[in-house]
Amino acid sequence: MNFDTSIAVAMSGGVDSSTTAAILVHEGARVVGLTLQLWDQTRLAGRHGIPEAPKAGRCCSLDDVYDARRVAEQLGIPYYVVNQEERFERDVVRPFVAEYLSGRTPIPCSLCNNFLKFDQLLRTARGIGAERIATGHYAINEFDARRGRWILKRPADRAKDQTYFLFGLTQEQLARTLFPLGRMTKPEVRAAARRHGLRLAEKPDSQEICFVPGGDYKQFLSAYLEEQGETMPETAGELVTASGAVIGQHDGIFNFTVGQRKGLGVSSPSPLYVLKIDRASHRVTVGADAELATRTLLARQLNWIAIEKLTAPMRVEVKIRHRHEPARATIEPEGADECVATFDEPQRAVTPGQSAVFYDGDEVVGGGWIA
Amino acid sequence: MPRVYCDANATTPLAPEVLDAMRPFLLEEFGNASSIHREGQQARRAVERARETLASFFHCREAEVIFNSGGTEGDNTAILGLMRAGDHLITTAIEHEAVLRAAERAGARGAEVTFVAPRANGLVDPEEIRRALRPATRLVSVMLANNETGVVQPVEEIGKIVAEAGAYFHIDAVQGAGKIEFDVRRFGCHLCSISAHKMHGPKGVGALYVRRGTPLDPLMVGGSHERRQRAGTQNVPGIVALGKAAELVMTNLVDGTIERVAALRDRLEAGILRIAGTAVNGADAPRVANTTNIRFEQVEGEALVIALDLKGVAVSGGSACHSGSTEPSHVLMAMGLDKQAARASLRFSLLRTATKEDVDRVLQLVPEAVEHLRKLAPTTVAG
């Protein structure tokens, strides 16, 4: 690897990013550790049932910053915490809230990657003299000379694959990013952490959305809007069947996500699922599991990685949520910055607000946001 | 390349003379100043000698000097020890967190608190203090010099206004002590906090001047140390060190050190102002000799601090938040800067040992770092 200039490692205080830093240091790179301070975990404490004292082990918690700093000290690298709370709130938290309030199901991690980790962090890194950044994401990026493009590929550890959240990376960002864990499995990463003497080698993985304590997004929405002095918009409405029969009422469209079964508040002989959330009428359509299947989806705000632009129909596999086995489909361009994916087999619960990421084997072709 | 430390307002290194003075009290003269025996008496004598020095530093009686753990304790004691439920407190929006948080706590305990905003140049207008006065005003707390801008506040005038109103007056002098002429009688204050480590003493020791007759409730209770005003075994080596540090800064005030540092600060400031899109925050206000706070348009201050650190220059941005990252300075925002401008501002504060070579090294590194950051800045400024 070429180590002419410093590499800034995005350190969260977790095993993956800590090991990333350790690996690069031991390979002889000049490494600077950076932690993005994105959200004050105590900010909404005590509102709407959010605990007064936040639990440890969440992104940006003081404990995580402490852990990251200790790792940097152990590795003997310079380390800084960079405050990006305002940008995070503007580009990730507010859109997250707005999406739920309009009946969609957002993925804040992708927004954070696009706006904070690979945009702002890279800019800060370059500002301080590090021309490249490295993160602990499980993904592979490499330059393909034949196509003259940077390619993003699924990692060795399929269970940890994070390419779904990285579809928005530009060629420039890919060129300046290292994913040192891409060819390792999680057990290998933990083994490397132990080998490098990192005390946090056994620290559990974090799963939840970093700024939503306990994973209760509804509690977060209420607490955040209250803090902002905004009232929760009135989105209560009817629960209807696909044929239009009203079978109940609901308290607000933000309580639902497509495919959801629990918490509908109506009893039915066979299980009912949310099929559709209509933002304008506040109507939530429910129906049987079989009715959840859809053959097509429209994706917007596209980003292409393996290709420059989609100009003709292309055979791909499409992943419609993080834990979804990619399904075979044909994608075709549709208007400006949109494309339609037509699945070979209908897919269950295509959810507006999530992203559709297109794969060609191991390669990420590109992706967009499900309309 | 040796590092250049331009963050004297954060802390200063121990002066060698101070270390020499305190060393015996860490080793052979280890006694507890409250003990009856010879070891205790030796320690007590050293503490009282230091108190004598501090009395001449403050221009007060020895009995009016209370040794404590530093600026935060002094500020907390002054505010929380005096304020009762129903009382009114006046302070300013540019105080150190030790005052602001203590004022908020006094508020939570039933006091009324007014935060007076400064003018755009960082100066608190004494007339604003006068306008904020109420019959229930018990305490006015204003800093001597601002830690971020170096702006020296008109405490003498404020002291007169407070005296007319019959209220108590506290001065947080942590940043002013040792940098400007100092006399609590002239300031007209009842309480004045200072800290050793801002003037080449050790961390964790300071003093609070308490004018005789000021009804101050101690913050720490326990033994009858410090005339029952501050319980806890006296930090003998620290107190001795504070005495020595105070003695040295009193010399600095008359031996030309201040003028020499001021000339270096002016050289630094003039050099940086040659970069386009820069301005001094608090430029037209009186300032302590070692401090300049400069705004670099279109620059992320936090990145500039890190870039300079990696190149060997220690400066600071806003105030450190809980995680160690920086928040936009509440001082600069109170002066009317928006978040963007506050975040684009850096504080350079020189040690009394600073040299022309130090300044020139900074002047060589800052322009290139600023230019580099500006090149990478997004075309549309994120707000």
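In the predicted model, the contact between chain A and chain B draws on 15 residues from chain A and 17 residues from chain B. On the side of chain A that touches chain B, the elements giving two or more residues are helix H2 (62-75), strand E3 (79-83) and helix H4 (108-127) of chain A. Sorted by class, this side of chain A comprises seven nonpolar, five polar and three charged residues.

Within chain B, helix H1 (residues 16-26) has four buried residues, B:Val18, B:Ala21, B:Met22 and B:Phe25. Viewed down the axis of H1(B), these buried residues fall within an arc of 80°, and they therefore line one face of the helix. The exposed residues B:Pro16 and B:Asp20 are carried on the face of H1(B) that is turned away from the buried side. The cover over the buried residues of H1(B) includes two further helices of chain B, H2 (38-58) and H9 (236-252).

Strand E2 (residues 65-68) of chain B is covered on both faces. In a regular strand, side chains alternate between the two faces of the sheet. In E2(B), B:Val65 and B:Phe67 lie on one side, B:Ile66 and B:Asn68 lie on the other, and all of them are buried. E2(B) pairs with strand E8 (residues 206-210) of chain B in the antiparallel sense, over four bridges. Across this pairing, B:Ile66 has B:Leu208 of E8(B) as its bridge partner.

Most residues other than glycine have a negative phi. B:Glu226, which is not a glycine, has a positive phi of about 50°. This residue is placed in helix H8 (residues 225-228) of chain B. B:Glu226 counts as buried because it has 22 C-beta neighbours inside 10 Å, the cut-off for burial being 20 or more.

A positive phi, near 65°, is also found at B:Gln298, again a residue other than glycine. B:Gln298 lies in the loop between strand E10 (291-296) and helix H11 (301-311) of chain B. With 15 other C-beta atoms within 10 Å, B:Gln298 is partly exposed. The two residues can be set side by side: B:Glu226 belongs to a helix and is buried, whereas B:Gln298 belongs to a loop and is partly exposed.

Note on methods: Residues numbered from 1 in each chain as written. Chains lettered and ligands numbered in written order. Predicted model: local features only at pLDDT ≥ 70, side-chain atom pairs only at ≥ 80, totals over all residues. Buried ≥ 20, exposed ≤ 12 C-beta atoms within 10 Å, placed from the backbone. Arc of directions from axis to C-beta. Contact = placed C-beta atoms within 7 Å. Nonpolar A, V, L, I, M, F, W, Y, C, P; charged D, E, K, R; others polar. Pairing = 2+ DSSP bridges.
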